[in-house]
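Ready for a couple of exercises on how two chains meet? Grab a pencil, open the viewer and work through the steps.

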Amino acid sequence: MPSYLCASRWSSTTAPAPRITTHYSVCPRDKDARWEGVTMERFADEADVVIVGGGPAGLSAAIRLKQLANQHDKELRVCVVEKASQIGAHILSGACLEPSALIELIPDWKERGAPLNTPVTEDKFGILTKKYRIPVPILPGLPMNNHGNYIVRLGHLVRWLGEQAEELGVELYPGYAASEVLFHEDGSVKGIATNDVGISKDGSPKDVFERGMELHAKVTVFGEGCHGHLAKQLYKRFKLRENCEPQTYAIGLKELWLIDEKNWRPGRVEHTVGWPLDRNTYGGSFLYHLDEKEPLVALGLVVGLDYQNPYLSPFREFQRWKHHPSVASTLKGGSRISYGARALNEGGFQSVPKLTFPGGVLIGCSPGFMNVPKIKGTHTAMKSGMLAAECIFQTITDENFESRTAGIHVPKYEESLKNSWVWKELYSVRNIRPSFHSYFGLYGGMIYTGIFYWILRGKEPWTLKHIGEDSNQLKPAKDCTPIEYPKPDGKLSFDLLSSVALSGTNHEHDQPPHLTLMDDSVPVAKNLAVYDGPEQHFCPAGVYEYVPLESGDGMRLQINAQNCVHCKTCDIKDPSQNINWVVPEGGGGPAYNGM
Amino acid sequence: MSARVLVGVKRVIDYAVKIRVKPDNTGVVTDGVKHSMNPFCEIAVEEAVKLKEKKLIKEVVAVSCGPQQAQETIRTALAMGADRGIHVEVSGKDYDNLGPLQVSKILAALAKKEETSLIILGKQAIDDDCNQTGQMTAALLDWPQGTFASEVVLEGDKVKVIREIDGGLETVRLKMPAVITADLRLNTPRYATLPNIMKAKKKKIDVVKPGELGVDLTSHLEVLRVDEPPQRQAGMKVETVEELISRLKEAGRM
């Protein structure tokens with residue numbers, strides 16, 4: 001983290017930008033008079049393995065480690081820290097689960113009551129135009145064929161995984177976010193420190209201030225999900241992205257609806273592409289009919305974050321998509337019970353970074369193993385966690401192993417992953433997403449998939465490249481037309497704030513905003529001036545608002561950090577790359593229930 | 001000074017979560033929904049722990065009534081500084097019907113059993129907003145009560161409580177043993193930090209059944225139906241006074 005004195009960040013041209021960022025990652029406390037005399041010592045504890053992130057990958061790793069420890073009669077202390085207040089509360093996914101990894105991990109998952117209640121019975125795919133839906137047959141062999149898969153509420157599955165982990169003796173600590181990576185003197189990873197609590201909005205210590213805690217480990221496993229904030233630091237520090245393409249992303253917005261029973265078809269999976277997105281904006285919709293006690297459907301829209309028009313609002317595209325006759329007919333008379341959003345990675349094979357470094361490994365959607373055309377990343381995330389666990393266990397219990405670094409390096413994990421079905425799968429679909437970048441856009445991509453994937457299964461000898469960082473793709477606002485979005489009707493489509501309320505998100509209000517800006521003057525000077533403030537359009541939670549200054553002309557950026565749903569889109573899509581998402585006080589964020 | 005303080009903590013749906021009524025209108029959806037300790041109970045725990053830190057009392061015991069998950073709430077209290085916990089196991093239909101009367105009977109029984117000098121509770125729970133448990137407990141025990149406390153001062157065998165009332169503040173002095181219920185301004189609860197959560201795992205939580213305390217949980221209340229509040233209707237703008245009068249007449253309001 002660059003450490004400037006706060007005063008030096010003020011713009012020198014016009015009146016100084018109003019102070020927005022007060023977080024200590026940008027305004028260091030050792031130079032801040034208000035922190036004089038405050039004890040900054042931290043309590044430290046040792047574990048064998050510390051896992052950051054209690055999602056599918058992290059919990060699979062934890063479970064696998066304990067299974068091996070019990071099998072070989074070894075003592076192993078495994079701790080999982082998770083920023084959500086309860087395991088599963090920050091999980092958001094479609095989701096259509098391929099059970100392969102789960103079967104490997106817990107073969108008797110059914111007897112143990114894993115919530116895989118909805119086998120896929122029907123698979124439908126269509127291209128939408130403004131008024132019509134053109135059905136497209138899903139031939140066996142195409143990546144989006146879902147035979148043998150389950151529609152799940154991933155949050156519930158993760159909660160169940162948490163219970164399995166606890167039964168095996170894993171120490172789970174939801175409500176505590178890993179906010180800092182700790183290093184040994186030799187530069188290897190020593191562990192993590194959890195967030196401090198009790199810092200006021202202006203950055204000063206409150207009476208209840210307490211330092212976070214240090215958890216030291218032989219190996220630290222980072223499973224923060226898509227675009228993790230600690231992973232971001234590790235990429236730089238250990239140069240893990242030197243030989244891969246930049247990661248590319250999409251944002252997924254999702255709602256859960258209770259619908260009229262007559263429209264309910266449990267087990268049905270529906271995907272569409274086309275309207276409301278134009279042929280050059282990657283994305284598509286999903287609508288899954290769950291088979292749980294109530295007529296519930298999970299639906300949403302995924303929009304590639306390499307879109308070019310700064311006026312595009314993924315949230316409003318999602319809301320207007322629901323008005324399409326084919327969707328409205330399912331939702332009519334129903335009620336919305338949940339809303340949320342999360343970024344997902346789309347880079348696939350070309351964007352996988354180096355996975356190991358002295359003292360740590362990366363698993364799951366953080367490095368990114370999502371099979372984009374299948375739109376599935378849970379099975380590969382889980383498998384990566386399991387492989388990491390196996391290699392870590394082998395290494396740390398090997399009596400003859402002598403580590404050259406204080407934090408143990410486990411390069412075997414990367415080798416193991418590259419020899420597994422995860423790698424084969426990612427390789428076979430590597431060219432599908434990049435094939436959308438021709439002039440023919442969506443249609444070019446579909447033709448490519450039809451020809452090369454269906455016939456050749458990805459065996460073509462070339463590997464197409466992505467087009468670069470998502471944050472570089474926006475065109476200046478003056479070169480684009482604002483999009484006319486319809487007003488929400490309050491029955492099928494809704495406004496942003498009532499949607500955010502349904503995510504249950506909340507944060508302790510008196511803390512420094514966790515959406516930090518490296519330079520407080522850049523939003524108005526660059527983002528607003530050149531791109532019409534795209535963050536006010538792409539944030540699915542209404543965090544960013546450009547409001548008029550209290551006195552005088554001009555605008556300022558207002559950050560409503562309390563609304564944040566931890567989707568990470570701003571950190572990804574900000575054209576100035578000025579926004580740095582850091583973790584807020586643990587326990588804050590969405591309260592998703594089975595999303 | 002062998003003072004023991006009993007603190008009641010209730011596990012409620014987190015205040016930021018949108019409540020949803022069950023489709024059969026028998027209650028609200030709780031399965032999988034984020035729960036946390038009632039904010040007023042947090043304040044009660046904080047006050048008890050502060051008294052212990054000032055060495056004015058010896059032991060803080062956290063009590064919660066409910067199913068297995070109530071133990072999570074007790075653990076948070078232990079992490080904040082309570083010494084041990086008591087989980088009164090109530091589940092199923094009994095838990096659905098658990099109200100202030102039943103809880104106060106339980107607390108009264110426990111207070112006698114545990115030789116308590118002070119019971120500190122939150123003034124009310126944010127799910128039912130009853131504001132009755134503290135008062136009923138005091139009545140059952142025939143103890144004095146200081147409710148809506150914004151300040152608590154121990155003075156020998158008495159406790160001075162400054163109460164928030166409609167007209168301002170009222171100061172009462174109670175002879176212990178007594179019941180106090182905490183209001184918002186009493187204190188700012190500390191965070192349950194991770195090292196303390198880890199230590200709390202080693203602290204004891206005793207599990208008891210209401211029957212063992214001689215408490216009968218029968219409720220004399222029956223919930224007939226739970227509904228969402230009616231949707232707010234759009235207002236209507238009128239141009240003239242005459243129009244206003246005619247609209248009011250139409251609506252039968254005049």
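**Exercise 1.** Find out how many residue pairs are in polar contact between chain A and chain B, and which parts of chain A are involved in the interface.

*Step 1.* Let's count: six residue pairs, both at pLDDT 80 or more, are in polar contact between chain A and chain B. Here a polar contact is a pair of N or O atoms within 3.5 Å; within protein, one must be able to donate a hydrogen and the other to accept it, and residues adjacent in sequence count only if both atoms are side-chain atoms.

*Step 2.* On the side that touches chain B, at least two residues each come from β9 (171–174), β12 (197–199), β13 (205–210) and α11 (496–502) of chain A. The largest share, three residues, is supplied by β13(A).

A word on the model: it's predicted, so local features need pLDDT of at least 70 and side-chain atom pairs 80 or more, while totals for chains, interfaces and linings use all residues. Residues are numbered from 1 along each chain, chains are lettered from A and ligands numbered from 1 as written, and side-chain values use heavy atoms, without hydrogens and water.

**Exercise 2.** Which side chains meet in a salt bridge?

*Step 1.* Use the rule: a side-chain nitrogen of Lys or Arg within 4 Å of a carboxyl oxygen of Asp or Glu. Across the interface of chain A and chain B, that gives one salt bridge.

*Step 2.* Glu294(A) and Arg20(B) are the partners, at 3.8 Å, N to O.

How values were computed: Helix = DSSP H or I, 4+ residues; strand = E, 2+ residues; numbered from the N terminus.
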